[in-house]
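Dear colleague,

Here is the structure I said I would pass on. My notes on it follow below.

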Amino acid sequence: MNALHDPDHPDWGPFGRPLFADPDVRALSRVGVVDIGSNSVRLVVFDGAARSPAYFYNEKIMCALGAGLSESGRLNPEGRKRALSALRRFQLLARGMGTELTAVATAAVRSATDGPDFCEEVKRETGLEIYVIDGDEEARLSAQGVLLGWPGSYGLVCDIGGSSMELAEISGGRVGKRVTSDLGPLKLTDIKGGKKGRDAVIKKTLTEMKDVMGTQKDRLFLVGGSWRAIARIDMERRNYPLHVLHEYRMDSKAVRETVKYIQKADLEELRGKCSISSARMSLVPYAAEVLKRLVQTFAPKDIAVSSYGIREGMLYEQMPQKLRDRDPLIESCRYAEAKDARLPGYGKRLYTFVEPLFQGAKPARIRIVKAACLLHDVSWRAHPDYRAETVFDNATRANLGGLKHEERVFLGLSLLHRYRNKREGTRFEILAPILDEAGIREAEVLGKAMRFGAMLWMSEDETGARLTWQPRKRHLTLHLTEKAAPLFGEVAVARFDSLVKSLGATSEVRTG
């Protein structure tokens, strides 16, 4: 059995090279990770911002390596063939992309008597060395994956695979207690006594896990394909408009209602509605039984779905603390600006310009204002007729960490108004229920302020314009230097007037 973390090379680990040797690094060199689970084998190639890596490539094959493992003690023969075929393909793809792969295996491979033989066969056929990790390490890496997207979070991370389920405590950005179990849905299918037999095993196991973990009243983070499938079904049941699983929120009542919904549903029909594979859907009822009891046992404050897990945790493992401490949202937006904006760096100056309109705003809102300013110009290559829609779709559906769904919609709407005065007739209307009226008005103000501020480009060492906002008097003053005054042409005047109207304010322009 191979340990994932090599204490002799703490900055390298299984990657065989330092990924973040410089703590000031902002860009990630392309890196590939293969996750060999009990149910699926997945390749993810990361690229982009170092603190918030994007998915350059993502492919999953449902192999069910752990099917029948409880009875036979061996890997599923058909699954083994499929996994080997997938790994051959992944290795060839990686070579074409110019990247090396790191492969990690979890419960099925570590438990099977022929696990070592499978690892040898893979190495012989593909050259890939598989790092087989134990349940404790699996829990730790999954928790670190959550921390990649939620820095400094508190709560309980629950990672469900095909053959195991792990719990890990996170507190202030660190991983604490953790425990592993056999509550993976593939294992549950082998339990005798039907639903009654499963209920007894699930209840007993979770009680024992609670004895180890203690009271956990903070957020419950759900990691794993079965949890994501249940979240998709919850979205379908609620007719929820934004189909982004990362940061999707549920509560205990929603879980109970969705478990009932699954139990009563025609699974094939539900599978089609939710775009869930047959292999995954066959396991959903078993996972739902676990989730219902999990929520009853720990009574979390709220529940959040995480698309980040072991693979992301492996990257987080390599990061120096200075990099971990950065905001993943701001880092990804900075990267996008540097790569795609016409004037990289202007986003920071634009933020300074619009900031007076948000005096007194909470830090969480200021953070989104900064992100919007960094992204305000990254879609300039889109056709002018579709820029507003393009930026809205990018913001609401992009792989951005550290964003609640309402923050996604706020960010998207502000960027939509960066290019368009009106939101009627746009795709925002479908997502409007996610944002309250105050948020809609604030996003419009931000968007129109960026739309106006983008007209005032000057050289980097010059500040030609600034705003003064008096919220009680509802009065906005634009201050222009004499050198910048010619920038205040007809189009700029119209955009300033539109901003003033959105604020419900009076205004004046001062030059000199």
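**Strands S1 and S4**

Strand S1 (residues 27–36) and S4 run parallel and are joined by 5 bridges. Please keep in mind throughout that this is a predicted model.

Gly32 has Leu101 as its bridge partner in S4, and Val34 stands opposite Ala103 in S4. Ala103 also has a partner on another strand, namely Ile130 in S5. That pairing belongs to the contact between S4 and strand S5 (residues 130–132), which is parallel and has 3 bridges.

Is S4 enclosed or open to the outside? Of the 5 residues of strand S4 (residues 101–105), 5 are buried, so the strand is largely enclosed by the rest of the structure. The cover is on both faces: Leu101, Ala103 and Ala105 are buried on one side, and Thr102 and Val104 are buried on the other.

S1 is also largely enclosed by the rest of the structure, because 7 of its 10 residues are buried. The link between S1 and S2 is a hairpin of 3 residues. One of the bridge pairs is Ala27 with Ala49 in S2.

**Arg311**

Arg311 sits in helix H13 (residues 310–318). Buried or exposed? With a relative accessible area of 10%, Arg311 is buried, because the cut-off for that class is under 20%. Setting aside neighbours within four places in sequence, its contacts are Val33, Asp35, Arg42, Val44 and Phe46.

**The open sheet**

A sheet of 6 strands is open, has mixed pairing, and takes the order S8-S7-S6-S9-S11-S10. At its edges are strand S8 (174–181) and strand S10 (249–250); each has a single partner strand, so one side of each is left without a neighbour in the sheet. Within the sheet, strand S9 (residues 219–223) and strand S11 (residues 303–306) run parallel and are joined by 4 bridges. Leu222 stands opposite Val305 in S11.

**Helix H18**

Helix H18 (residues 387–397) has 8 buried residues out of 11, so it is largely enclosed by the rest of the structure. Which residues are these? They are Arg387, Ala388, Glu389, Val391, Phe392, Asp393, Ala395 and Thr396. The list includes the charged side chains of Arg387, Glu389 and Asp393. What do the buried residues of H18 pack against? Their packing partners are helix H19 (405–419) and helix H20 (428–431).

**Pro344**

Pro344 lies in the loop between helix H15 (328–340) and helix H16 (346–354). Its relative accessible area is 48%, which makes Pro344 partly exposed. Not counting residues up to four places away in sequence, Pro344 touches Glu337 and Ala338; both numbers fall within the range of H15 (328–340). Between Pro344 and Phe452 there are 108 residues in sequence and 18 Å in space, taken C-alpha to C-alpha.

**The chain as a whole**

The protein chain contains 22 helices and 14 strands. Does its radius of gyration agree or disagree with that of a compact globule? For 512 residues, such a globule would have a radius of gyration near 24 Å, and the protein chain has 25 Å, which agrees. The C-alpha trace spans about 85 × 50 × 40 Å along its principal axes.

Of the 512 residues, 56% count as buried. Among contacts between residues at least 6 apart in sequence, 71% join residues that are at least 24 apart. The accessible surface is about 22,200 Å², and carbon and sulfur atoms account for 48% of that surface. There are 79 positive and 67 negative side chains, and the centres of the two sets are 4 Å apart.

Regards

Technical notes. Residues are numbered from 1 along each chain as its sequence is written. This is a predicted model: local features need pLDDT of at least 70, side-chain atom pairs count only at pLDDT 80 or more; totals for chains, interfaces and linings use all residues. Side-chain values use heavy atoms; hydrogens and water are left out. Buried means under 20% relative accessible area, exposed over 50%, partly exposed in between (1.4 Å probe, protein chains only). Helices (H or I, at least four residues) and strands (E, at least two) are DSSP runs, numbered from the N terminus. Two strands pair if DSSP finds at least two bridges between them. The radius of gyration is taken over C-alpha atoms; the globule rule is 2.2 Å times the number of residues to the power 0.38. Contact means heavy atoms within 4.5 Å. Accessible areas come from the Shrake-Rupley method with a 1.4 Å probe; for residues, only the protein chains shown count as cover. The place of a charge is taken as NZ of Lys, CZ of Arg, CG of Asp or CD of Glu.
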